[in-house]
Amino acid sequence: SADAEQIDFLRDRHVRFFQRTLQVLPERYASLETTRLTIIFFALSGLDVLDALDMIDRNMMIEWIYSLQVLPTEDQSNLSRCGFRGSSHIGIPYTTKGPGVLHPYDSGHVAMTYTGLCSLLILGDDLSRVNKQACLAGLRALQLEDGSFYAVPEGSENDIRFIYCAASICYMLDDWSGMDIQKAIDYIRGSLSYDNGFGQGAGRESHGGWTYCAIASLCLMGRLEEALSQRELDRIRRWCIMRQQSGFHGRPNKPVDTCYSFWVGATLELLDVFQYTNFDRNRSFILSTQDRLVGGFAKWPDSHPDPLHAYLGLCGLSLIGEPSLRKVHPALNITQRAFQHLQQLQQTWRDSSGSCLRQH
Amino acid sequence: MAQAIKLTNDLTMSGVEETLNETVEVKEDNEFDGEVEDHPVDDYMADPTRYVFYRDRKDWADLEPVPQDDGPSPVVKIAYSEKFSDVYDYFRALLKNDERSERAFALTADAIELNAANYTVWHYRRVLLQALAKDLREEMRYITAIIEEQPKNYQVWHHRRMVVEWLNDPSEELEFIADILSQDAKNYHAWQHRQWVIQEYKLWESELEFVENLLEEDVRNNSAWNQRHFVISHTTGFSDAGVLDREIQYCLNQIRKAPHNESAWNYLKGMLQDRGLSTQPGLLEKVLELKETHCSPYLLAFLFDCYEDSLESSSQKENIDEEEQKISLKKALEICELLAQDKDTIRKEYWLFLGRSLKAKYGGGDGGTDALSEDPEASVPTSEPQELN
């Protein structure tokens, strides 16, 4: 029937959408310059979810990502600024090797370090060229007294998004010295609203994206049930599950938007109640935002697709078990395949540090 | 005014309504303010508004432009025009030398015009504002204009906050934010900035009135309800019985006007959930009345929560009233059925799950009439996994 045709999933269009994204974007995308690494993440992880990474030149991508690492200078004076940049916009000459170049304004950005590490994992890299101690030093420099994080050492807004980035970085590097967990938990708890969703910080309106950051962070830290009581968790479940209208919206009385099928859906999955949502209505909505011509997904039907909504739309479909899509790790927001690669890596790190200890 | 895609710097978990999907228009070339070159007499007729690249400006000749270097195989490369590259090649040159000058300050405005999401440009501009002791009042006018054009950009609000802090003068803020909210009453950045200003400078006095006006305009504005809670919890608090009564009445009145409003019900429940939902004198009765004429999924969920609360508190008493418990349980389960089968069918599985959990917890030796799980673990699934088509 015509209806069934309208809601079929156009896999190949989405593959081409992400492939084009990885190439060249027109100038009207200028505002994405400092966040290009996050765009790469959406495209690579999107292709991973589609099981279409084989068409990628992995080594080329890996080199380019490593060129974005802010490495320590000879005298290590910039350790608190290390991590990954979003792009080459500062003008550092291209290099994938250290030592770092001294530049008055060059520093990492916490969301870029997070998406950089994810992207390397997705590409099968072993992170051996990541200066982990420098990344962690850069991370420590970003945390405030109240437990939240800045994005950059020069200062920026500070809120729960960057706690999520920090927790993901520590989780991937298997090293929690990058943050004060208790302070982060205090900030997260402080962000719990009277209506049982999480805001970007204390007193602020609850929102699906920040609720994801809160719950996913606690899960990555392994502190979900320590930080929140059963009663609180049940209330949070209620807030989240009330977000479903057809697809999901991010705040009460706001329109539904494709990306919340992931932000809220993944939160519900982490809280063990995603199974109680309505998969059919969710799927119908996500597919109504599919761009049948250029591929990708938009936030709303009859709108322009973009890499973020294209990626999160796929993740939303993956959560409900769309055939041909890889499963996504709901807290880390990479495929289970990439996650298994991480686990194997972490095992080799532990084995080798264990054998070092045995030798001494 | 042509606008670039509105994108925050932090895509992965940014305020996602405020992301790339706004209207996209290509910038018009004639928006750039040009500099007239110092031409000799024969160029007297040169158009003073003709744009001149930085590389062709005599007073920039001392500086070597720094191109962006993406290496041999760039990924997600943005194809910049000559004009764009020219401005940013000189921006990179200034940055490298950490130049502190008027010409650098002027260039940051051009760079911002091209990409207001570049946080390095904003940071550098702040460094210059201080190094050159620039007029911060003028900067306030500048940032006001930019935010009016691009109200969903993180960097511009952060910049405004910094300038307000330096001036230690919040006097324009409430009016400015009100103006932004008049264009989009749910702009998350605007509300965040408003909360910061009010809390930092103790400007609580007129805020409840402001909130009430917004709720008059749109009783479903969840941001305004949140602000209401913010103001009251930081001023009188909710522990005062008079305040609590007033707020309960306010909620019920708004619900009578617009029954299908999750925000009002969330506010009501939020106030009371730790104060004994089921023990507010007369409230349950009022809600049961409203159920007849102003029903909604939110009302029914509230009733369910009341019954659950009464089950919980009665089960903690010395002498448990078993009859009362049975009645509360029965009513709660009826609500679950009503929601699952009729009033909130999209959440059918969830309401059935809650019913099972409640029955498992408080059902006691009743002997279930259907094959429900007796497992007291609230998260044990017993529904069939959903299949896609």
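This is a predicted model: local features need pLDDT of at least 70, side-chain atom pairs count only at pLDDT 80 or more; totals for chains, interfaces and linings use all residues.
1. From H5(A), the residues Val110(A), Ala111(A), Thr113(A), Tyr114(A), Leu117(A), Cys118(A) and Leu121(A) meet a set in H7(A) made up of Phe162(A), Tyr164(A), Cys165(A), Ala166(A), Ser168(A), Ile169(A), Met172(A) and Leu173(A). H5(A) covers residues 110-122, and its axis runs 8 Å from that of H7(A), at an angle of about 40°. That angle makes H5(A) oblique to H7(A), and the crossing of the two is left-handed.

2. As background, nonpolar side chains tend to be buried together in soluble globular proteins.

3. Have a look at Leu342(A) while you are in this part of the model. Leu342(A) sits in helix H15 of chain A, residues 336-359. Is Leu342(A) buried or exposed? Buried: its relative accessible area is 0%, and the cut-off for that label is under 20%. Leaving aside neighbours within four places in sequence, Leu342(A) is in contact with Leu121(A), Tyr171(A), Met172(A) and Leu332(A). For a sense of reach, Leu342(A) and Asp306(A) are 36 residues apart in sequence, and their C-alpha atoms are 28 Å apart in space.

4. Gly83(A) is another one to click on. Gly83(A) belongs to strand S3 of chain A and is buried, with a relative accessible area of 1%. Which residues is Gly83(A) in contact with, leaving aside its neighbours within four places in sequence? They are Leu68(A), Gln69(A), Val70(A), Gly108(A), Thr113(A) and Cys135(A). Gly83(A) and Met112(A) are 29 residues apart along the chain, with 7.9 Å between their C-alpha atoms.

5. A backbone detail worth checking: the peptide bond joining Gly98(A) and Pro99(A) is cis, with omega at about -5°. Pro99(A) is in the loop that runs between strand S3 (83-84) and H5 of chain A.

6. Next, the positive phi values. Asp174(A) has one near 55°, and this residue is not a glycine. Where is Asp174(A) found? In the loop between H7 and helix H8 (181-190) of chain A. With a relative accessible area of 32%, Asp174(A) is partly exposed. Asn253(A) is also not a glycine, and its phi is positive at about 65°. Asn253(A) lies in the loop between helix H11 (230-241) and helix H12 (260-270) of chain A, and is partly exposed with a relative accessible area of 25%.

7. About H3(A) itself: helix H3 of chain A spans residues 36-49, which is 14 residues, and reaches 20 Å from its first C-alpha to its last. That is close to the 20 Å expected at 1.5 Å a residue. How many of the residues in H3(A) are buried? The count is 14 of its 14, so by the under-20% cut-off the helix is mostly covered.

8. Over to chain B. This chain has 15 helices and one strand. Of its 389 residues, 52% are buried. Among its contacts between residues at least 6 apart in sequence, 60% join residues at least 24 apart.

9. One helix pair in chain B deserves a view of its own. H8 (residues 207-217) and H9 (residues 222-234) of chain B pack at an angle of about 160°, with their axes 9 Å apart. H8(B) is therefore roughly antiparallel to H9(B), the cut-off for that term being over 145 degrees. H8(B) passes H9(B) in a left-handed crossing. On the H8(B) side, Glu207(B), Leu208(B), Val211(B), Glu212(B), Leu214(B) and Leu215(B) take part, and they meet Ala224(B), Trp225(B), Gln227(B), Arg228(B), Val231(B) and Ile232(B) in H9(B).

Technical notes
Residues are numbered from 1 along each chain as its sequence is written. Chains are lettered from A and ligands numbered from 1 in the order in which they are written. Side-chain values use heavy atoms; hydrogens and water are left out. Helices (H or I, at least four residues) and strands (E, at least two) are DSSP runs, numbered from the N terminus. The expected span of a helix is 1.5 Å times one less than its number of residues. Buried means under 20% relative accessible area, exposed over 50%, partly exposed in between (1.4 Å probe, protein chains only). Axes are lines fitted to C-alpha atoms, for helices over the stretch in contact, and angles run from 0 to 180 degrees between N-to-C directions. Angles under 35 degrees count as roughly parallel, over 145 as roughly antiparallel, 65 to 115 as roughly perpendicular and the rest as oblique. A crossing is left-handed if the near helix is turned anticlockwise from the far one by less than a right angle, and right-handed if clockwise. Contact means heavy atoms within 4.5 Å.
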